[in-house]
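Subject: Structure for your review

Dear colleague,

Please find below the structure that I am handing over to you.

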Amino acid sequence: MIINSTGELTMTEIRFSGFGGQGIIRCGLITGKALALYDNKHATMNQSFGPEARGSACSSQLVVSDDRVLYPYITKPEILVSMSQEAYDKYEPELREDGLLIIDKDLVKPNPPRGKIKIYAVPATRFAEELGNRIIANLVMLGFFTAVTKLVKPESMKKALPGLVPDRFLELNIKAFDKGYEYGLQTLEEEKTGATKAKAKKK
Amino acid sequence: MKKVKADPKGVLTGVHYLDGDFAIAEGALAAGCRFFGGYPITPSTETAERFSARIPKVGGVFIQMEDELGSIAALIGAVWGGVKAMTVTSGPGFSLMQENIGLACMMETPLVIANVQRGGPSTGLPTLAGQQDIMQARWGSHGDYEVIALAPDSPQECFDLTIEAFNLAEIYRVPTFIMTDECVGHMHEKVVIPPAEEIEVVERKWYAGPKEEYLPYKLDKDGIPFMIKAGDGYRFHTTGLTHDERGYPVINAECQDWCVRHLCDKIRKNADKIIRLEEDEIDTAEVVVLSYGITSRVATRAVQKARQEGIKVGTLRLITVWPFPEKRIRELASLVGSFVVPEINYGQIVYEVERCAAGQAKVIHVPHCGGWVHNPDDIYNAIKEAVK
Amino acid sequence: MKAEDRLEERNPIEDLLRMDRIPHIWCPGCGIGTVVTSFAEALKKTQIDLDKVAVVSGIGCTGRVAGYIKLDSFHTTHGRAVPFATGLKLANPELKVIVFSGDGDLAGIGGNHLIHAARRNMDLVVICVNNFNYAMTGGQVAATTPIEANASTAPYGNFEYPFNLPFLMDAAGATYVARWTALHLRRVTMSIMDALQRPGFSFIEVITPCVTLYARRNRLGDGLNLLRYYYDNSEIQHGADTRNLDISYQGKLIVGKFVEKEKPTFLDAMNQHLSRVLGDDYQLYGRINYDRD
């Protein structure tokens, strides 16, 4: 993370990862579009091409910055979103020691935490199935991502959806996003109360 | 030169999140391109896909040809049929097009080819970036000729420069290339498409004089012949053979001299009008980093780091790669100590810089054989070496 | 009376020729000029608007046709006449586009384009002058050279199987296929008239004498001897099964109109299909005039 003199975050590198067909590239596109078009940020999205975009681990990379993005790829991401074990195994080592790891609770079994890495988990695929279609697991994940990272406004994310999800599924996608977002807020809340409790206990 | 406002039918006004390939298709539609003949090749296919989806609603033709030889031939035919035409390709396809790029030059056919460069030679790295066709763009076809080539560094510039490419092609009646690369082609960023009335489009240099006086290759005052299209009753002839003003083959050294000089000079003599550069802090610079396309963005990161250490670094970005800004480089060579030239190849534009620097300034090449962009530190180290 | 005013001194099709480029480069006894005459006659007889006719040639002896015909005419690169014509036709659908080229140009180096244009039923008339060899470059073996025939790069005789062009075109989807020899002048004219008046991809093969190279190298005599060979050995079989049209060295020549069928052209298919799928969103193409304003 590059922090400017006033202590604001000026650049963030994010990797969305999973397996082909989970809508991983969409995750990068939606977040990038939301940031670039509605949150007044510079957001450059790149994706991996080739055989790995079809089936096995696939990923999209997003560089977010207040200034123009000069180096278009991520180097040491602050945030890693993993929706499959294979993708997690492949990309976890590059995550920063103080990074943020966001996983699908049911699909990724993380190793014991490394450095100061923070882990947030959401049963995205399970929630999506409960909503009627596992294809929207990526939107559950994006909702959760939006809540826990506070990197992008939730309204911007929803605004970014038309054109990137099929019109007839727009509502369902928004529902999935909201589900993930609420779960994210809840997670943060629990974290806070947990922390307070721990603090109290310590005292 | 007749400038008109863009036809709103092709202009997707608004703020978009597009990759470079898509932005090229939108730029072409905004510029009035209504014919696309192409053959699928990674990493350029998205442009063809976008065009094929959009053109039926705009009014025009998309045809997927049987190969790149057919694509470029169809383009030349389409332009003589009266429309603006383009294709998109990558290294292997660009190689296949070279012979007919020569025909387009010889027939003075305005058209646009976007080359989304990947690593070569041969099949090389289909899905990864390169800047290895830069010299091929200049010298790929046989014989002496000149072309125009532009190098966008972002999806926004892919849009803007595609319009510019069409305009330059029409003004000079020459094939014009958009030499982008896989990184920019597949990179999504914000792209602002202005309203049609804010986009200036150059019309073809149509002939309007008496029919019987028309000669296809008679030079106008500005050195560029007027154009017509098939079906208007001129019953004209054009050929890939060396030809005279009438477009008739004349197979001798004298006509060759006239013909070839014209093809080259119409670009060389207008180089100042064509060339666009972006310079930064160049007046006080001890060292100038010269780059183009995606590499210039990566280089800027290295430059920022060097400047923080007090090194006087200027940057020069080639927006127009061909014609090469010889005059400016010669001028700078006597003012600055050295040039640092990063590019995603094993040495191409650096030779042009060396030629123009002619020993007056040190030239340090920062090669990269393709597959990725430079590590900014490699460029930074070259800057350090330059001021040592 | 001045010599140039005497009727017999004037070429009967000179209004269709670039007389400032005559004399042409073709050898005495060559059959290309005969096919050009048939073409000119067909143009006249059909009374087609000559301003809307464009001729595209590739490279080779027949490739020079574009340079002599006084119509909008394009002398392109080797093998690429068909895709050039494709672009020309699609950009300006009111044109009638004729590809006039040789066997080497169309079926050799340009073979891929030829089959794909036929597959698409592109609205083109392809006149293929087949002289069994690469004549412009000195009589090399071609994709049409009969087995046993001698060529400068097959000095011991050709052993490669040649193309049966009508069969190739039929299989690829051409909607009009005919074959004649330079002897069948009137038939060639009629076939070209057919092709000019119908939409879709028409292919007309005309077997012609190459006196200087093919005939000399194979000791077949002069142009007259070759016409005699056509006379003795050609047999008209309209509608013949195109599979049976192979040509053997100095063997039988089955000629005639083999294929004539209707199928939407590329542009018709495009308009029909996209109108159906996209409805009013689709901008019908090719029925508007391409006025410059």
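Chain B has 13 helices and 18 strands; helices (H or I, at least four residues) and strands (E, at least two) are DSSP runs, numbered from the N terminus. Please note that this is a predicted model, in which local features need pLDDT of at least 70 and side-chain atom pairs count only at pLDDT 80 or more, while totals for chains, interfaces and linings use all residues. Residues are numbered from 1 along each chain as its sequence is written, and chains are lettered from A and ligands numbered from 1 in the order in which they are written.

Overall form of chain B

The C-alpha trace of chain B spans about 70 × 50 × 40 Å along its principal axes. Its radius of gyration, taken over C-alpha atoms, is 21 Å, which agrees with the value near 21 Å for a compact globule of 388 residues; the globule rule is 2.2 Å times the number of residues to the power 0.38. Of the 388 residues of chain B, 60% count as buried. A residue is buried if 20 or more other C-beta atoms lie within 10 Å of its own, exposed if 12 or fewer, and partly exposed in between, with C-beta atoms placed from the backbone. Among contacts in chain B with a separation of 6 or more, 77% join residues 24 or more positions apart; two residues are in contact if their C-beta atoms, placed from the backbone, lie within 7 Å.

Domains of chain B

The domain assignment gives domain 1 (3-202) and domain 2 (277-387) in chain B, and such bounds come from an automatic or database domain assignment. The centres of these two domains of chain B, taken over C-alpha atoms, are separated by 27 Å. Their contact takes 24 residues from domain 1 of chain B and 21 residues from domain 2 of chain B. On the domain 1 side, the elements of chain B that give two or more residues are β7 (125-129), α5 (134-139), β8 (148-150), β9 (175-181) and α7 (182-186). Of these, α5(B) gives the most, with four residues. By class, this side of domain 1 of chain B has 15 nonpolar, five polar and four charged residues. Here Ala, Val, Leu, Ile, Met, Phe, Trp, Tyr, Cys and Pro count as nonpolar, Asp, Glu, Lys and Arg as charged, and the others, Gly among them, as polar.

Contacts between chains

Chain B touches chain A with 17 residues, which are in contact with 14 residues of chain A. The elements of chain B that give two or more residues to this side are β2 (14-19), α7, β10 (188-193) and α10 (294-308). The most come from α10(B), with five residues. The side of chain B that touches chain A has nine nonpolar, four polar and four charged residues.

The contact between chains B and C takes 42 residues from chain B and 38 residues from chain C. On the side of chain B that touches chain C, α3(B) gives the most, with nine residues. That side divides into 22 nonpolar, 14 polar and six charged residues.

Strand β12(B) pairs with strand β2 (residues 72-75) of chain C in the parallel sense over three bridges; two strands pair if DSSP finds at least two bridges between them. In this pairing, Thr239(B) stands opposite His75(C). His237(B) also has its place in strand β12 of chain B. His237(B) is buried because 24 other C-beta atoms lie within 10 Å. Leaving aside neighbours within four places in sequence, the contacts of His237(B) include Gly247(B) and Tyr248(B), as well as Arg18(C), Ala66(C), Gly67(C) and Ser73(C).

Local features of chains A and C

In chain A, strand β5 (residues 79-82) points Ile79(A) and Val81(A) one way and Leu80(A) and Ser82(A) the other way, and all are buried. In a regular strand the side chains alternate between the two faces of the sheet. Strand β5(A) pairs with strand β6 (residues 100-104) of chain A in the parallel sense over four bridges, and Leu101(A) is the bridge partner of Leu80(A).

In chain C, the buried residues of helix α6 (residues 165-172) are Leu165(C), Pro166(C), Leu168(C), Met169(C) and Asp170(C). Just after α6(C), Gly173(C) takes a positive phi of about 120°.

Yours sincerely
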